[in-house]
Amino acid sequence: SRATSAKRVGFHLVVSNPGRRRRSLPPPASAPIPPPFPPHTRPTRVICRPPLPPATSAELLRQQVAAAGPVHPVSPPPDPSTPVPRLGAVQPVLGLQLASAQFSWTHKLGKRMFKNTFQSGFLSILYSLGTKPLQIWDKEVVDGHIKRPQDEDIKSNVLEIVGTNVQSTYITCPADPAATLGIKLPFLALVVKNLKKYFTFEVQVLDDKNVRRRFRASNFQSVTRVKPYICTMPLKLDDGWNNIQLNLTDLTKRAYGTNYVETLRVQVHANCRLRRVYFSDRLYSEEELPAEFKLYLPIQVSTAQCLHPSVIEHHYLLTQSFLLHELQKS
């Protein structure tokens, strides 16, 4: 037999044999066997991955909707026998549906009625002789009425707004509370009749600071008050029919020091009779007004005479100078 040499290394006995391959013998029974790694001390395998790309708008929208909770009522639990589809196949479709719904809702909020309308000269938003005078208007009536009677002075149909409380009876344009007019013409004109009762109207505009401002004129107020988002002004009406014209550019500049951009909403409260509400690009005299914008008396003798020929210029200068004087004092 060949000579063998053995040496003890640790707990293993290694037998050296020049003619054979080395083989490791098991440790003797008396040698302790090292225990395996405990679960909390086992070495973990670290996998290096590239950084994730930034989340897209659809993913952000999906995360926001998930954080806000379910929009619709919770559906009953699914049948256990029904196979559950993979998340990767359902999530993109759900995200696209939610994204399209959110984008359409945002577009509805920013709807501007006259955005694509050519705005020059005159732009009428109410005419009492039309088939549907309040087609783009919404009305609110509490202890009052909104009718279309025949006026005894001009012998023509007009829109009458009457109520015991001026705040609870009104008409507003546009009818959709989320929409805006989007009219950039700077002059607002209202052809109204003084019923010798409380009357007020309001116009909401947008300035170059992207702030919504409101101008409210009332015949029961005597002092002008300018607040950050609303300016209340006194209104003086003559007997009979009046043509009220407001220079929105000038009022916005004097009250808030900003530039007028567009008109968002017009709201007319009780008590008055309306013939027409329109916008114009400048102040027009009686001779420059189109025939359909004039207010005529019934035919007498052989010609039709205009009601109060100087009412537009006289009343506009009186009202505008009075409002500007009050704004300067405040």
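1. Start with the pair Arg273 and Glu160: their side chains meet in a salt bridge, 2.9 Å from N to O. (A salt bridge here is a side-chain nitrogen of Lys or Arg within 4 Å of a carboxyl oxygen of Asp or Glu.) The pair links distant parts of the chain, with Arg273 in strand S18 (residues 272–280) and Glu160 in strand S9, 113 residues apart. Strands are DSSP runs of E with at least two residues, numbered from the N terminus.

2. Before you go on, a word on what you're looking at. This is a predicted model, where local features need pLDDT of at least 70 and side-chain atom pairs count only at pLDDT 80 or more, while totals for chains, interfaces and linings use all residues. Residues are numbered from 1 along each chain as its sequence is written, and side-chain values use heavy atoms, with hydrogens and water left out.

3. Now zoom in on Glu160. Strand S9, where you'll find Glu160, covers residues 159–163. Is Glu160 buried or exposed? Glu160 counts as buried because its relative accessible area is 12%, and buried means under 20% (exposed is over 50%, partly exposed in between, using a 1.4 Å probe and protein chains only).

4. Who else does Glu160 meet? Its side chain makes a polar contact with the side chain of His145 at 2.9 Å, and another with the side chain of Arg273, also listed at 2.9 Å. (A polar contact is a pair of N or O atoms within 3.5 Å; within protein, one must be able to donate a hydrogen and the other to accept it, and residues adjacent in sequence count only if both atoms are side-chain atoms.) Leaving out residues up to four places away in sequence, Glu160 touches His145, Ile146, Lys147, Pro149, Cys272 and Arg273, where contact means heavy atoms within 4.5 Å.

5. A network of salt bridges links Asp151, Glu152, Asp153, Glu160, Lys193 and Arg273. How many salt bridges does the rule give? The count comes to 13.

6. Arg213 counts as buried because its relative accessibility is 10%. Asp207 is buried as well, since its relative accessible area is 2%.

7. Finally, look at Arg282 and Glu288, a salt bridge whose closest N and O atoms are 3.3 Å apart. Arg282 counts as partly exposed because its relative accessibility is 36%. Glu288, with a relative accessible area of 40%, is partly exposed too.

How values were computed. Helix = DSSP H or I, 4+ residues; strand = E, 2+ residues; numbered from the N terminus.
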